[in-house]
Amino acid sequence: MIPADEPFLRPVPRRRIPREMTTAPVLDAGEPASPMERNYALLINPFYPKDAHASFGKHVLTPTLALTSFAATTPAHWRVAYWDENLLHGRPPFRPMPQVVGITVHLTFARRAYELADWYRVRGSKVILGGLHVLSCPDECAPHADALALGDGVQLWPRILRDLENNRLGVPRVSPVLRDMGVPRYVATYENDYSNDPPPRRSLLPRHSFLTTTSLIATRGCHNRCGFCYLATDGLRMPHRMRHPQQVVEEFQADDQPYGVFIDNNLGSRRDYLHALCAALRPLNKIWSAAVTIDVTDDPSLIRNMALAGCTGVFVGFESLSDDNLVASHKKTPKTSDYARRVRMLHDYGIQVNGSFVLGFDHDRKDVFVRTAEWIEENRLECATFHILTPYPATPLFRQMEAQGRILHRDWTLYDTGHAVFRPKHMTPEELEQGYAWIYHRLFSHASIWRRRPEHWQAVPLYLAMSYLYKRSNRFWHLLIKHDLVNPVWKPLVEMTRWRHVHYRRSLAQRELVIAAPGQVVSAGV
Ligand code: B12
Ligand code: SF4
């Protein structure tokens, strides 16, 4: 038993964090413009500061598909380059100057996106901003862009490039465009047939820099509508849409990596689809992980099929262990008293569980941190991810908090789920942050890692290797990222995991219910 007030007894020791993980590379204001290359597009994923409490590994586990998805629609006569500032290779290139710079914007790195946009615009490049934050706060983004992309970039990017080439950026006759404050806004919803989209252009990603370049997305949308989720953002219409399982298989094969990560909001949103996808993935003999809601365990045959198809881990948004919190946030989910049984079912099929928990809901009191940590340890969750409740702008949660006068500020940089940006009901913002720091500290401690070891001793050594690499090696991660060694260092472990899993699947195919877990190395997701 952990004493209920432990999180508040003494502050968690501050972790040393390399400057490169907290501070964006400098953009030299005195740098003159280089000559411009026509038909050259540079796509940028801006820098964001890393949270020292969590693992740096997650930043190179799952490359975002924001840029590669629409890069696939670039006409052949354009050259495209990709720059992720989080790979620690310095600031994005500028010699030659790109004709167009496309930047993806999330609220946590909006400020950096604007700095980059302003820097390139002053030197003659046309800057297009797109992404979640552009959709929720277009007026804020407009002064930093030559055009905004609101919604699905796959539909908008080729139109924008065509208009740009014809010097007609934002001329309504050519594209469905809204003009406002002088900045054209290109608008597209996500209601189209997703299976018509081309595969993302993963070849743009530096292969050595990521644990795997195979981020996959099979479906869009989610059957839930949780009030705190970005899917509840005003203006975001994302009905559930699927790619054909065969398309997913082809993408997985084409990228030629042993491990894939599904970044779908909820791969289990439609169970019949997930059954079909598993049947298609099974012959590949690859391994993968995905985010699902815990109700996938309503259907044990689905869990079995996931395991047979190579699923080694799931990222489950439990969000809270309080039914009251879940009801208040409109999450359709089984009773929390049944979570433990459901976790066990996943474990019985050799599937690791990375639980995601939101802290600071209105029914959370100061004991939430200890209760959550104890539950995670009791149920041996291999991994857990914590988020301070964050009211994203333009969501029902934001409006509610604003109406109640509980929003503390609008410094989006701190809307990173590691800071309290609102006044919680039953504790102070400082206590919420202290509890958040404590729970990560607790879950990354030697004692907690040991407590959560798998029940089957054969799986323990690999579990420990994975846990120590992922959770206790931030200094090591920093060097791996900086020196492009992430993939070479992890590849043998990933291959070993895949090899073990293929053997495990063969024995599972013979049995109805599994007793022994195979002991994976690869963590279950972000
Ligand atoms: C992969 C991922 C990550 C990766 C990579 C992040 C990165 N920026 O490099 C990792 C694991 C590191 C990560 C970390 C975090 N993430 Co994250 N992540 C995702 C995830 C699962 C997939 C993103 C993706 O590829 N989507 C698919 C692409 C195709 O969609 P898209 O980005 O919207 O892009 C489309 C359009 O917006 C548009 N578009 C986008 N950019 C541009 C640019 C131009 C020029 C144009 C024309 C169009 C365009 O075109 C695209 C195609 O239609 C999403 C959830 C999701 N399923 O989207 C969460 C998500 C983006 N993450 C989220 C959060 C909160 C975080 C963290 C803060 C969590 C944490 N506490 O650590 C951190 C911080 C990182 C950060 N500041 O970005 C939230 C963001 C909420 C919000 N309103 O901003 C999301 C939505 C998850 C959620 N359900 O809440 N994340
Ligand atoms: S279940 Fe997850 S993805 Fe779906 S709406 Fe809720 S938080 Fe968003």
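How many aromatic pairs does the count come to? In this predicted model, the count comes to 18 aromatic pairs.

Start with Tyr48 and Phe109. Their rings are stacked, with 5.8 Å from centre to centre and 25° between the planes. Tyr48 belongs to the loop between strand S1 (36-45) and helix H2 (66-71). Phe109 belongs to the loop between strand S3 (97-104) and helix H3 (110-122). The two parts are 61 residues apart in sequence, so the pair ties them together. Phe109 is buried, at a relative accessible area of 5%.

Now move to Tyr436 and Tyr440. Here the planes stand at 90° and the ring centres are 5.4 Å apart, so this pair is edge-to-face. Planes over 60 degrees apart count that way. Both residues sit in helix H14 (residues 429-443), four residues apart, and about one helical turn separates them. Tyr436 is buried, with a relative accessible area of 3%. For Tyr440 the value is 3%, and this residue is buried as well.

Tyr436 and Tyr440 form one aromatic cluster with Phe318, Tyr339, Phe357, Trp375, Phe386 and Phe444.

Rings also meet charges. The ring of Phe47 has the charged end of Lys50 over it, 4.3 Å from the ring centre. In a second case, Arg91 lies over the face of Trp119. The distance there is 4.1 Å from the ring centre.

How many salt bridges does the structure hold? There are 31 salt bridges. One of them joins Arg112 and Glu85, whose closest N and O atoms are 2.6 Å apart. This pair links distant parts of the chain. Arg112 is in helix H3, while Glu85 is in the loop between strand S2 (79-84) and S3. They are 27 residues apart. Are Arg112 and Glu85 buried or exposed? Arg112 is buried, and Glu85 is too.

Arg112 has another partner. Glu115 forms a salt bridge with Arg112, and the closest N and O atoms are 2.9 Å apart. Being three residues apart in helix H3, Glu115 and Arg112 have about one helical turn between them. Their surroundings can be set side by side. Glu115 counts as partly exposed, at 39% relative accessibility, whereas Arg112 is buried, with a relative accessible area of 7%. The cut-off for buried is under 20%.

A further salt bridge joins the side chains of Arg237 and Glu191, at 2.6 Å from N to O. Arg237 lies in the loop between strand S9 (219-220) and strand S10 (241-242). Glu191 lies in the loop between strand S7 (183-188) and strand S8 (215-216). The pair ties together parts that are 46 residues apart in sequence. Glu191 is partly exposed, with a relative accessible area of 30%.

Salt bridges can also join into a network. Which residues are linked in a network of salt bridges? They are Arg271, Asp295, Asp298, Asp338, Arg341 and Arg342.

Finally, turn to ligand 2. Which residues are around ligand 2? Cys222, Asn224, Arg225, Cys226, Phe228 and Cys229 are among them. Leu231, Asn265, Thr293, Glu319 and Lys331 are also around ligand 2. This shell divides into five nonpolar, three polar and three charged residues.

Terms used: Residues numbered from 1 in each chain as written. Chains lettered and ligands numbered in written order. Predicted model: local features only at pLDDT ≥ 70, side-chain atom pairs only at ≥ 80, totals over all residues. Heavy atoms only, no water. Phe/Tyr/Trp six-rings, centres within 6.5 Å; stacked < 30°, edge-to-face > 60°. Buried < 20%, exposed > 50% of the residue type's maximum accessible area, 1.4 Å probe, protein only. Lys NZ or Arg CZ within 6 Å of the ring centre and 35° of its normal. Salt bridge = Lys/Arg side-chain N within 4 Å of Asp/Glu carboxyl O. Near = heavy atom within 4 Å. Nonpolar A, V, L, I, M, F, W, Y, C, P; charged D, E, K, R; others polar.
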